[in-house]
Amino acid sequence: MKLLEYQAKEVFKQYGIPTPESYLAKTASEVSDIAKKLGSCVIKVQLPIGGRGKAGGILFADTPEEAEIQAAKLLGSKLKNMLIYEVLVEEKLDILDEIYLGVVVDRVKKAHIILASSKGGVNIEDVADKTPEKIVKHQVDPILGIKRYHTLWITKQLGLGSKKAGALSGLIEKLYKLALEMDAELTEINPLAYTSEGFIAADGRLNIDDNALFRHKEYGENMGHEAEFSTREQEAKEKGLTYVELDGNIGIISNGAGLTMATIDTVTLEGGKPANFLDLGGGANPERIERSVSFVMSDPRVKVLLVNILGGITRCDDTAKGIIRAREKLDTSKPIVVRMMGTNEEEGIRLLKEAGIDTLNSMDEAAGKAVKLTEALI
Ligand code: GDP
Ligand code: MN
């Protein structure tokens with residue numbers, strides 16, 4: 001579960017990690033009142049996404065009037081398709097330097113990794129892409145834990161002087177303890193701002209492993225939050241569909257978790273990028289297939305739809321009927337690539353052929369075709 005920034009910062013405080021003075025607000029007039037108390041402030045949308053700064057979700061104000069105007073721009077509008085219904089109003093820091101500090105779980109190494117960079121801030125993804133050597137990694141030995149000589153090695157790699165190094169060492173120890181005790185899949189401070197008063201967490205992320213939520217009941221209750229986000233995933237949930245949004249342009253419908261994952265992998269291997277995937281599950285009827293196809297195709301990011309079905313209880317002729325009906329109702333000319341085999345395969349292929357939709361025999365061929373068609377369209 002992804003905690004929101006303000007929730008992550010509450011946890012940071014409990015672990016002795018300094019955070020700026022801040023208050024949560026739901027209306028522009030509340031923001032104005034808070035700004036009277038804080039002076040110059042930063043108004044930050046509270047949504048479970050990163051990159052808010054670049055997307056326009058972090059605004060600055062020097063007076064309460066300005067704060068009210070800025071807040072009114074954010075509250076009630078959408079950022080990355082999510083409704084903004086609360087903002088965190090925070091004292092504005094005079095940032096001298098921005099550090100990145102994170103603790104992630106490396107599932108392959110079965111260990112926590114501490115990540116740190118002296119190039120923190122909103123461009124950290126670019127740093128990771130273009131100059132990965134600027135990100136220092138330390139794999140924590142789970143038995144030994146993290147010792148001062150580890151943290152000092154990290155700060156040395158970052159090229160910090162002794163004053164900063166000492167302060168950062170302490171923070172690394174605290175963040176690691178937090179990651180362990182909170183069962184964090186990821187916790188991150190970006191930027192960890194350096195000001196005249198030392199380090200302070202200007203931003204905060206904390207994703208708790210869902211399987212450990214029973215140990216963190218106080219946050220489990222906040223999950224209600226997620227229900228208020230108007231994402232397509234939420235909409236899918238309400239429609240009873242198993243759907244996950246990704247950031248590419250090929251829509252994927254398949255059945256069964258294994259086949260669905262394999263389809264995504266194949267598309268990726270062929271050089272394509274899935275926009276999403278929908279797992280029909282077992283025993284889908286034409287009505288459910290139609291609903292699923294309509295839902296995936298109505299995403300404007302989807303240029304091509306790839307359907308990969310293994311006919312068992314879900315029959316191939318039913319799949320074909322669902323696809324054809326959805327396409328008629330949507331009245332779309334978006335290409336659909338289908339590969340199906342199993343129960344009533346011949347009938348399904350015949351129906352699709354009649355409707356002008358070709359089917360391919362193998363998953364590789366189908367994925368390859370979907371990728372080529374997409375490339376031709378963009
Ligand atoms: P993100 O874009 O979702 O990661 O949101 P952040 O909370 O990291 O804010 C984006 C950027 O705004 C940060 O990287 C900082 O550069 C800047 N920022 C945030 N808070 C402050 C602040 O109090 N003072 C100043 N000067 N900059 C800030
Ligand atoms: Mn940030």
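Which strands and helix each supply at least two residues of the shell around ligand 1? They are strand E2 (41-45), helix H3 (52-55), strand E3 (58-61) and strand E10. The legends below describe a predicted model.

**Figure 1. Overview of the predicted protein, with its 15 helices and 17 strands.** The protein has 378 residues, and buried residues make up 51% of them. Its C-alpha trace spans about 75 × 50 × 40 Å along the principal axes.

**Figure 2. The shell around ligand 1 holds 18 residues.** The closest are Lys44, Arg52, Gly53, Leu93 and Glu98. Strand E2, helix H3, strand E3 and strand E10 each give the shell at least two residues.

**Figure 3. Polar contacts of ligand 1 involve Lys44, Glu98 and Asn190.** An N or O atom in the side chain of Lys44 is 2.7 Å from an oxygen atom of ligand 1. For Glu98, a polar side-chain atom lies 2.6 Å from a ligand 1 oxygen. Asn190 uses its backbone instead: an N or O atom there is 3.1 Å from an oxygen atom of ligand 1. The protein buries 86% of the 560 Å² that ligand 1 exposes when taken alone.

**Figure 4. Asn190 and Asp203 coordinate the manganese ion (ligand 2).** The donors are O of Asn190 and OD of Asp203, at 2.2 Å. Asn190 belongs to strand E10 (residues 184-195), while Asp203 lies in the loop between strand E11 (198-201) and strand E12 (205-208), so the pair ties together parts that are 13 residues apart in sequence. Are these two residues buried or exposed? Asn190 has a relative accessibility of 11% and counts as buried. Asp203, with a relative accessible area of 18%, is also buried. Both values fall under the 20% cut-off for buried residues.

Figure 5. A cis peptide bond joins Asn190 and Pro191. Omega for this bond is about 5°. Pro191 lies in strand E10, and Asn190 is in strand E10 as well. Lys110 has a positive phi although it is not a glycine. The phi value is about 55°. Lys110 sits in the loop between strand E7 (97-106) and strand E8 (111-117). Its relative accessible area is 70%, so Lys110 is exposed.

**Figure 6. Asp331 is a residue other than glycine with a positive phi.** Phi of Asp331 is near 50°. The residue is placed in the loop between helix H13 (316-330) and strand E17 (336-342). Is Asp331 buried or exposed? At 69% relative accessibility, Asp331 counts as exposed.

**Figure 7. Arg315 and Gly348 are 8.2 Å apart in space, C-alpha to C-alpha.** In sequence, 33 residues separate Arg315 and Gly348. Arg315 is found in the loop between strand E16 (304-311) and helix H13. With a relative accessible area of 32%, Arg315 is partly exposed.

Technical notes:
Residues numbered from 1 in each chain as written. Chains lettered and ligands numbered in written order. Predicted model: local features only at pLDDT ≥ 70, side-chain atom pairs only at ≥ 80, totals over all residues. Heavy atoms only, no water. Donors = N, O, S within 2.8 Å, 3.2 Å for Na, K, Ca; no water. Helix = DSSP H or I, 4+ residues; strand = E, 2+ residues; numbered from the N terminus. Buried < 20%, exposed > 50% of the residue type's maximum accessible area, 1.4 Å probe, protein only. Near = heavy atom within 4 Å. Polar contact = N/O pair within 3.5 Å; in protein donor to acceptor, adjacent residues only side chain to side chain. Areas by Shrake-Rupley, 256 points an atom, 1.4 Å probe, with all protein chains shown as cover.
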